[in-house]
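Visitor: Please walk me through this model. I would like to take the packing, the rings and the interface in turn.

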Amino acid sequence: MNHEREIMPTIRIDAMGEPCPQPVVKTTRALQDMREGDVLEVHVDNETAVENLLRLADNRNIPARSKKVAERHYLVAMQCTVPHEKEEETETAPAAGRGDLVVAVTGRTMGTGSDELGEMLLKGFFFALTQLEPLPKVILLYNGGAFMSAEGSPVLDDLKQLEARGVDILTCGTCLEFFALKDKLAVGSVTNMYSIVTTLAEAMTVISP
Amino acid sequence: MREKTLCTIVTFLTPTDAMAFECFAGQHDLPGRLIPVPSAVSAGCGICWCAPHEEAGALGALKAANTLAIEAIYTLLI
């Protein structure tokens, strides 16, 4: 007997052509009105949006899957279980020390004054991060920070090591696109402003070099 | 737990010297990288060159040549 429940669409969101983070925003709003067992279909036109939606689902413990329907047409289906399960956990969870540390890297340099010095300091910063115990939970990379996770980055090895040790490396998709780095992401995954704000808001501590 | 490895640490008197060494290393394919000076080493400008321990001989020769403002060389588990 097949116990896998057939997923039938009950709510459909057409986010084709919508810029980041609109697909996630629309999906988040729709999820608020969903009941257990309801299915949400979101149609988007780029892989970044798919990744962002799958991440949203994962953050909320919602089973989700995606498929490419056609060129520039992707479908993400989510089946609502118990809503906002992880959020409730977060609210009641005891303080976990530095395990909830989030590092936000916003540029290619550390500090201002000399770019040359700042680049060197940032390299040292990432090395020092690899030595930190416990490690950060998430490293957010946005604006010029997006260069850090792209091919040719001087700290790529550090980021790969951190990812291998369980740190989430999240790079702003808009920033990757702006700097034409979308195809050069070499570590971690793509995120959006909605997720960045949520990560920052839920962090116990945020440091920014 | 992260596994520590034996490294050769080169310290400099100024950050400018450290950056100049990084440039030199890049031009001559010297393995290693700039890192903050480990707390076990109190000397130096704050930034040092960290290389695999196998490079100790080559780095020692560079210090002896006295052209790259190397302050000191250490061996450390990092």
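**Cores, rings and interface**

Visitor: What is in contact with I139(A), leaving aside its neighbours within four places in sequence?
Guide: This is a predicted model. Contact here takes heavy atoms within 4.5 Å. On that basis I139(A) is in contact with V103(A), V105(A), L129(A), L159(A), L162(A), V167(A), D168(A), I169(A) and L170(A).

Visitor: Which residues have the most contacts inside the largest nonpolar core?
Guide: That core has 32 residues. Strands β5, β6 and β7 and helices α4, α5 and α6 of chain A each supply at least two of its residues. A second, separate core of 19 residues includes A15(A), V42(A), Y74(A) and M78(A). In the largest core, the residues with the most contacts are F126(A), I139(A), M148(A) and L159(A).

Visitor: How are the rings of F125(A) and F126(A) arranged: stacked, tilted or edge-to-face?
Guide: The structure holds 6 aromatic pairs over all chains. In this pair, the ring centres are 5.8 Å apart and the planes stand at 85 degrees. Planes over 60 degrees apart count as edge-to-face. The arrangement of F125(A) and F126(A) is therefore edge-to-face.

Visitor: Are F125(A) and F126(A) buried or exposed?
Guide: The cut-off for buried is under 20% relative accessible area. Both F125(A) and F126(A) are buried.

Visitor: How many residues apart in sequence are the parts tied together by F147(A) and F179(A)?
Guide: Their ring centres are 4.7 Å apart and the planes are at 55 degrees, so the pair is tilted. F147(A) lies in the loop between β6 and α5 of chain A. F179(A) lies in the loop between α6 and β8 of chain A. The pair therefore ties together parts whose separation in sequence is 32 residues.

Visitor: Which residues of chain A lose the most area to chain B?
Guide: 14 residues of chain A are in contact with 11 residues of chain B. The two chains bury about 1,100 Å² between them, 64% of it on carbon and sulfur atoms. Together, three residues account for 49% of what the chain A side buries. They are M120(A), K123(A) and F127(A).

Visitor: Which residue forms a salt bridge with K123(A)?
Guide: The count between chain A and chain B is 2 salt bridges. In the one at K123(A), the closest N and O atoms are 2.3 Å apart. The partner is E22(B).

Methods. Residues are numbered from 1 along each chain as its sequence is written. Chains are lettered from A and ligands numbered from 1 in the order in which they are written. This is a predicted model: local features need pLDDT of at least 70, side-chain atom pairs count only at pLDDT 80 or more; totals for chains, interfaces and linings use all residues. Side-chain values use heavy atoms; hydrogens and water are left out. A nonpolar core is a set of buried Ala, Val, Leu, Ile, Met, Phe, Trp, Tyr and Cys residues joined through side-chain atoms within 4.5 Å. Buried means under 20% relative accessible area, exposed over 50%, partly exposed in between (1.4 Å probe, protein chains only). Helices (H or I, at least four residues) and strands (E, at least two) are DSSP runs, numbered from the N terminus. Rings of Phe, Tyr and Trp (its six-membered ring) pair if their centres lie within 6.5 Å; planes under 30 degrees apart count as stacked, over 60 as edge-to-face and the rest as tilted. Buried area is the accessible area (1.4 Å probe) that two parts lose on being put together, summed over both. A salt bridge is a side-chain nitrogen of Lys or Arg within 4 Å of a carboxyl oxygen of Asp or Glu.
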